[in-house]
Amino acid sequence: MSLRVLEPGPLTLVQDQGRPGWADLGVGPSGAFDLQALRAANHLVGNPEDCAALEALGGGLALVATAPHVVAVAGAAGQVSVDGRPVGSGRVLSLRRGDVLRLGAPAVGMRWTVAVAGGFRPEPVLGSRSFDTMAALGPAPLSRGDELVVGRPHGPVSLETVPAYIAAGEVGVGVVLGPRDDWFTAQAISTLLSCPWRVDPVSDRIGVRLEGPSLDRARTGELESEPVVRGSIQVTSSGRPVVLGPDHPVTGGYPVIGVVVDTDALAQARPGDVVRFRRHRA
Amino acid sequence: MRVLPCGDAAVLLDCEDALEARRWHAALRDHAPTLGANTVLLRGRPDQLRALISSTEVTDVDDVRGREVAVEVVYDGPDLADVARHCGLDVDEVVRRHTASPWTVGFAGFAPGFAYLTGGDPGLEVPRLDRPRPRVEAGSVGLAGAFSGIYPRSSPGGWQLIGRTDAPLWDLGREDPALLRLGDVVRFVAVDR
């Protein structure tokens, strides 16, 4: 019961819902960047929500089934094939022994999520099968030839179709101002909420860097390191915002002007895409 | 202490100082709080957290002293001379002060097993490097602000490096992967190699 990696693509990681609760050891939560896609893919193949799936950046992942398996692909939108036959994403796919599942380049979005009935079962580290790219904790990124062990199927599969919910070119995300919005000028707050922000190519699971006007501080001085959460919009000393992703450090030293309440869409934002922040009241 | 918004699934307790933050952290221990220098993060629904906080009594935390850990250090770091110059001390005096006072694990962060050590000699306060190094070797002992710290693994870093240690700071093979935990008291010991 396994899937073997023919081609790992640019970066494919095992991810589950992460490892919360280890902050006192300096270990962050990590976990799937697109949590909605993780839930959808697990739901389709009949898994509990916390089963580990694959998070594949871009296209190029190819897996061969060593036994019959039921899989589902969610997250990005684009061409998926089984043994060269184009198939749909967002629904259950049956693989016979020897079938090859191949992910094309996403037409929309950045990250595919691949779930298998029974879940991927690498050894958990501190209670999670997520790979944390910053802490280098958890199962290593996939390499060619890896044998991905699959657990026993859990429950009935779903015959639903889950649409890719992402929009091309522009994403809007809700943001709760604070905890350090008072470190910024009123103009900076209004700029944050009104300007289009372009996704910088150096973005990754640690942070999505944004290009746009400089966000000026209302006060000087250094912030003492404080705990941060996924979605925190840190503003660096150069005035640039960085939205923290799942592999963010436990604490940060830059003031956080606001926190994005749902970062799933940012997992799918491509370099050059526009992010717009809208005010959200917690 | 002020309760600051932190998205829709957490709040940040902004405390007067590190001691007040430690008190809140201890009082809220059952709710998996995360400690910063002067702050505590609590995860959950903000309205429920605010109710929890207003019904929580903060007590003294002088009793939460951790273990004593001795860390052997070879004081030959690349920034040792600069640190001495900045502090107006000679190199031997920097080493003497770094080893003379006990440091306490104030909070964790930055990397697995990285502890921000507080309570050292105030004469050793130095700024971070203007340009962080792209690679700092594991075991490097550094100073930044009022903190000291040891890099558990190789990574980029902006602390001023004064020495190195072989102490196993992070080992997933141990039941307790982190050598240094909140409240532990660290004594640095100078060794030749």
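Buried area is the accessible area (1.4 Å probe) that two parts lose on being put together, summed over both. The views show a predicted model, in which local features need pLDDT of at least 70 and side-chain atom pairs count only at pLDDT 80 or more, whereas totals for chains, interfaces and linings use all residues. Residues are numbered from 1 along each chain as its sequence is written, chains are lettered from A in the order in which they are written, and side-chain values use heavy atoms, without hydrogens and water.

**View 1. The interface of chain A and chain B.** About 2600 Å² is buried between the two chains, 63% of it on carbon and sulfur atoms. Of the area that chain A buries against chain B, 24% comes from A:Asp24, A:Leu25 and A:Pro227, more than from any other three residues. Contact (heavy atoms within 4.5 Å) involves 31 residues of chain A and 38 residues of chain B.

**View 2. The salt bridge across the interface.** The rule (a side-chain nitrogen of Lys or Arg within 4 Å of a carboxyl oxygen of Asp or Glu) finds one salt bridge between chain A and chain B. A:Arg180 and B:Asp14 form a salt bridge through their side chains, at 3.1 Å from N to O.

**View 3. The open sheet of chain B.** Four strands (DSSP E runs of at least two residues) are ordered S1-S2-S4-S3 with antiparallel pairing; strands pair if DSSP finds at least two bridges between them. Strand S1 (2-5) and strand S3 (34-35) of chain B are the edge strands. Strand S2 (residues 10-14) and strand S4 (residues 39-43) of chain B are joined by five bridges, and B:Ala10 has B:Arg43 as its bridge partner in S4(B).
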